[in-house]
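Please look over the sequence and the 3D structure below before reading on. The notes that follow are grouped by topic.

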Amino acid sequence: MYAYLITYITGILGIWKAVPVGLVFQLNPVMTWLMITFGAATGVVILYFLGKDQGICSIEKKEIESSEKEARQTTYSKNMVLPVWV
């Protein structure tokens, strides 16, 4: 029972870490797959709810930042002198 719990918790931390843990404990491959899948899904849900409050997962924020960056790059000041090569 503890081996499945350890595999589940390791699945929360990362799939590539949990597969070797399942192999070390010599667990049933189907149960290892289930524990890793549930662990990974739990990890995604945790990151979603933690990141939602801080705006980490916000695509809109990234789009606004990129549009502001483009606006800064394409805006020229009136006093800007462009070199002319003859």
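Is Phe49 buried, partly exposed or exposed? Phe49 counts as partly exposed because its relative accessibility is 48%, where buried means under 20% relative accessible area, exposed over 50% and partly exposed in between, with a 1.4 Å probe and protein chains only. This is a predicted model, in which local features need pLDDT of at least 70 and side-chain atom pairs count only at pLDDT 80 or more, while totals for chains, interfaces and linings use all residues. Residues are numbered from 1 along each chain as its sequence is written, and side-chain values use heavy atoms, with hydrogens and water left out.

**Aromatic pair**
- A search of the whole structure finds one aromatic pair, for which ring centres of Phe, Tyr and Trp (its six-membered ring) must lie within 6.5 Å, and planes under 30 degrees apart count as stacked, over 60 as edge-to-face and the rest as tilted.
- That pair joins Tyr48 and Phe49 edge-to-face, at 5.1 Å centre to centre and with 75° between the planes.
- Tyr48 is partly exposed, because its relative accessible area is 43%.

**A buried threonine**
- Thr32 belongs to helix α3, helices being DSSP runs (H or I) of at least four residues, numbered from the N terminus.
- Thr32 is buried, because its relative accessible area is 9%.
- Apart from neighbours within four places in sequence, Thr32 is in contact with Thr7, Gly22 and Leu27, contact meaning heavy atoms within 4.5 Å.

**Phe25**
- Phe25 sits in the loop between α2 (15-24) and α3 (29-54).
- Phe25 is partly exposed, because its relative accessibility is 37%.

Key: Helix = DSSP H or I, 4+ residues; strand = E, 2+ residues; numbered from the N terminus.
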